[in-house]
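Dear colleague,

Please find below the sequence and structure that I am handing over to you.

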Amino acid sequence: MFSKNLKYYRLKNRMTKKELAEKVNVSAMAITNYENGTRRPSMDILNSLAEVLDIRVSDFLKVRNENLVFSHGEFRKTSSLSAGQQEYIRESVEEYFSRFMTAVEVLGGNVLPEAPENHSIPLSDDAEENAEMLKKHLGLAANGPVEDLIGILENKGILIYECNPDNSSFSGMNGLINDRPYIVLNSEMTPERNRSTAVHELAHLMFVWPEEMEEKEAERMATAIGGAFLFPESDAVRELGVHRSAITNDMLAVAKEYGISMMLLVKRAELCGIITPSAAKSFYIKASRAGWKTAEPSRINREEPTLFHQLVYRAVNENEISIQRGAELLNTSYESVKEMSSSIEVEPCL
């Protein structure tokens, strides 16, 4: 797996083949051959590659899970990500889930919940109806706040990965691993935006999208489904009332309760006819001036995927793998895994 690991670490360091080649004094074609697996570097070059990429030689030798078939979703045509950044995200997904699925296989392979069927929900023209169907598909209540969305998706068998592509324009992508759905989120985004993005990508995975639908329209509908999923019209009316003459501070509490941004709450209120387009426009102008369009303050706790860590700690505690192997799978320290593997000290009640 040297070739895959070399490519991953090169992209992680944001280097082109030419840039890496110049630093280790080889040709760009040599790097291409190394990454294609048609040539192997000498030990001297291997050491140079490791030094330039700021890793250990042993990192090149990490075993990848070869039982995985990836089907990555397409990046938007309007994406501002460079080809290299897109490639890095795909490589990052494969590197992460190789470690993840190794932990799954160590525990017997049946530790993941059965995932909902992909691309099986008929798409209608009504976002509210689509959102309700998506919740039904996942076995969720039609109304009320969706708390710990990331945890819910993991418990439904949908794999979640947070990466840091160092590009704020990237919000998320989706794909399949051996036909199991995965969603990638930007770890630098706010919790509210991550929640919206997760449902957006979930919609792309679960609905049957017409082949003739243009990308712009598909993106608009996926976004609308996400909004209706997190803040249904019936909830919006109950929480905000039938009519509002202005955007007021009490609405911040509702946004926090439902784990959504104020930008999304106002948009939903406008779509549901609770506020007028002019009131919404006035808010958008003020919010844009305050920088909320790209960096609205977060009001909720961060939701993070935890399943991978749970699986590794379980494998260590059941003596299926060593503490050192657990640390390698999680890319963390020996001490942190050892701490999670120690017995719980229970104080007696007096």
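The notes below go from the overall fold to individual residues.

Please bear in mind that this is a predicted model. The protein has 350 residues, of which 48% count as buried. Its secondary structure comprises 18 helices and six strands. Taken along the principal axes, the C-alpha atoms fill a box of roughly 70 × 65 × 40 Å.

On the surface there is a patch of negative charge, formed by Asp-125, Asp-126, Glu-129, Glu-132 and Glu-233. One of these residues, Asp-126, is located in the loop that runs between β2 (121-122) and α7 (127-138). Asp-126 counts as partly exposed because its relative accessibility is 37%, which falls between the limits of 20% for buried and 50% for exposed.

Is Glu-91 buried or exposed? With a relative accessibility of 6%, Glu-91 counts as buried, since buried means under 20%. The side chain of Glu-91 makes a polar contact of 3.4 Å with the side chain of Lys-4.

Helix α13 spans residues 262-271, and its buried residues are Met-262, Leu-264, Leu-265, Val-266, Arg-268 and Ala-269. After α13 comes Gly-273, which has a positive phi, near 75°.

With kind regards

Terms used: Residues are numbered from 1 along each chain as its sequence is written. This is a predicted model: local features need pLDDT of at least 70, side-chain atom pairs count only at pLDDT 80 or more; totals for chains, interfaces and linings use all residues. Side-chain values use heavy atoms; hydrogens and water are left out. Patches are made of residues with over 30% relative accessible area and no salt bridge: like charges are joined within 9 Å, nonpolar side chains (Val, Leu, Ile, Met, Phe, Trp, Tyr) within 5 Å. Accessible areas come from the Shrake-Rupley method with a 1.4 Å probe; for residues, only the protein chains shown count as cover. A salt bridge is a side-chain nitrogen of Lys or Arg within 4 Å of a carboxyl oxygen of Asp or Glu. Lys and Arg count as positive and Asp and Glu as negative; His and the chain ends are not counted. The place of a charge is taken as NZ of Lys, CZ of Arg, CG of Asp or CD of Glu. Helices (H or I, at least four residues) and strands (E, at least two) are DSSP runs, numbered from the N terminus. Buried means under 20% relative accessible area, exposed over 50%, partly exposed in between (1.4 Å probe, protein chains only). A polar contact is a pair of N or O atoms within 3.5 Å; within protein, one must be able to donate a hydrogen and the other to accept it, and residues adjacent in sequence count only if both atoms are side-chain atoms.
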